[in-house]
Amino acid sequence: MPSLISTPFSTLTPDTILNATESLGFVCSGSLFPLNSYENRVYQIGIENSTPLIAKFYRPHRWSRDAILEEHQFSQELEALEIPVVAPWKSETNQTLHEYEDFRFALFPRKSGSALEVGNIELLEWMGRFIGRLHAVGACRPFQYRRELNAETYGYRAYQFLIENRFIPDYLKDRYCHAAETALQNVEACFQKAGPMNQIRLHGDMHCGNILWSENGPHIVDLDDCLMGPAIQDIWMLLSGDETQVNIQLDYILNGYNEFFDFNYRELHLIEALRTLRIMHYSAWLANRWEDPAFPRNFPWFNTAQYWQEHLEHINQQIDLLNQIF
């Protein structure tokens, strides 16, 4: 996880945002409303005599052009098969990724909805059908430019970044290194226990905050974290509660899922492994972005002694859970 430019959006002014949009032939009303996004910058932009558009400005130097276009292509495949996803607007020359000054950006139609009610079992079965349909498309061909989810990409690289950039306090370093290496060895063992499995194109970050619900069911508005990985990655983050509750939720989700795509039940061995990778990757993501002024402002609790102590405790808890799998 190489360190990125410290102030990547310092020149993304309101004039730049509006001028970029108008460079594609739209006439902006002057209305500009920032939406919740830390990795990229996303805005609702008023358009004269039309509905607003959503403009997404990609973080410079994060994804290659080819990787972004794969994200767009995947969303277009899903949209063509009437799987609810908000695909980017296409120009008259069928371009979805545009450039203005130093930024790459895309425009999207505005879609609204409410958060998924995790406690509603019927909605979980519906959600399972949605993910099954998405994965049936995702399995048709691989990504070429997006990364793969595994212990190396989401675990070891995160661990190495934190150590090499001296984020871990000295008094915790030995304990942290021991815990991180033990956890990652157990993660690898979980993947081995699960056995051979298909790596398919995934949404990659399918938690409740990334799902909008309307009377027509669920839809997703962003595939920014799409990648190759096991199907369970798009399911486990929807689970919550004790073991009994989780098993009930899984039953409903997989009942719907299996109507459209066959789930490999060996992947259930990966839930705690994937949770461990997410915990480690998230800390490294925050650390990697820490010189971006938006991050200290919005995550003031990060990089404190208390944070790293709790992070170490979380990894040790995951080690205990991973040990129970064997």
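Predicted model: local features only at pLDDT ≥ 70, side-chain atom pairs only at ≥ 80, totals over all residues.
A crossing of two helices is left-handed if the near helix is turned anticlockwise from the far one by less than a right angle, and right-handed if it is turned clockwise.

**View A. Helices H7 and H9 pass each other in a left-handed crossing.** H7 covers residues 271-288 and H9 covers residues 305-323; they pack at an angle of about 165°, and their axes are 9 Å apart. Angles over 145 degrees count as roughly antiparallel, and H7 and H9 are therefore roughly antiparallel to each other. On the H7 side, the contact is made by Glu272, Ala273, Arg275, Thr276, Ile279, Met280, Ser283 and Leu286. H9 answers with Tyr307, Trp308, His311, His314, Ile315, Gln318, Leu321 and Leu322. Sorted by class, the residues of this contact between H7 and H9 come out as nine nonpolar, five polar and two charged.

**View B. Helices H3 and H6 pack with their axes 6 Å apart.** Here H3 (residues 121-138) meets H6 (residues 243-257) at an angle of about 45°. H3 and H6 are therefore oblique to each other, and their crossing is right-handed. To find the contact in H3, look for Ile121, Leu124, Glu125, Gly128, Arg129, Ile131, Gly132 and His135. Their counterparts in H6 are Ile248, Gln249, Tyr252, Ile253, Asn255, Gly256 and Tyr257. The contact of H3 with H6 divides into seven nonpolar, six polar and two charged residues.

**View C. Helix H3 also crosses helix H2.** The axes of H2 (residues 65-80) and H3 come within 10 Å, crossing at roughly 120°. H2 and H3 are therefore oblique to each other, and this crossing is right-handed. Counted by class, the contact of H2 with H3 has four nonpolar residues, one polar and one charged.

**View D. Five strands form an open, antiparallel sheet.** Reading across the sheet, the order is S1-S2-S3-S5-S4. Strand S1 (28-34) and strand S4 (98-100) are at the edges with a single partner strand each, so one side of each has no neighbour in the sheet. From one strand to the next, the twist averages 35°. Helix H1 (residues 14-22) lies across S1, strand S2 (41-47), S3, S4 and S5, and runs at about 125° to S1.

**View E. Strands S1 and S2 are joined by a hairpin.** Six residues connect S1 to S2 in this hairpin. The two strands pair in the antiparallel sense over four bridges. For a handy landmark, take Pro34, whose bridge partner in S2 is Tyr43.

**View F. Strand S3 runs antiparallel to strand S5.** Five bridges join S3 (residues 53-57) to S5 (residues 103-109). Leu53 stands opposite Pro109 in S5. Rings come into the picture too: a search of the whole structure finds 25 aromatic pairs. One of these is Phe57 with Phe103, an edge-to-face pair at 6.3 Å centre to centre, with 85° between the planes. Phe57 lies in S3 and Phe103 in S5, so the pair ties together parts that are 46 residues apart in sequence.

**View G. Three strands make an open sheet in the order S6-S8-S9.** The pairing is antiparallel. Strand S8 (residues 212-214) is joined to S9 by three bridges, and S8 and S9 run antiparallel. Trp213 has Pro218 as its bridge partner in S9.

Technical notes:
Residues numbered from 1 in each chain as written. Heavy atoms only, no water. Axes fitted to C-alpha atoms, helices over the stretch in contact; angles between N-to-C directions. Parallel < 35°, antiparallel > 145°, perpendicular 65-115°, else oblique. Contact = heavy atoms within 4.5 Å. Nonpolar A, V, L, I, M, F, W, Y, C, P; charged D, E, K, R; others polar. Pairing = 2+ DSSP bridges. Phe/Tyr/Trp six-rings, centres within 6.5 Å; stacked < 30°, edge-to-face > 60°.
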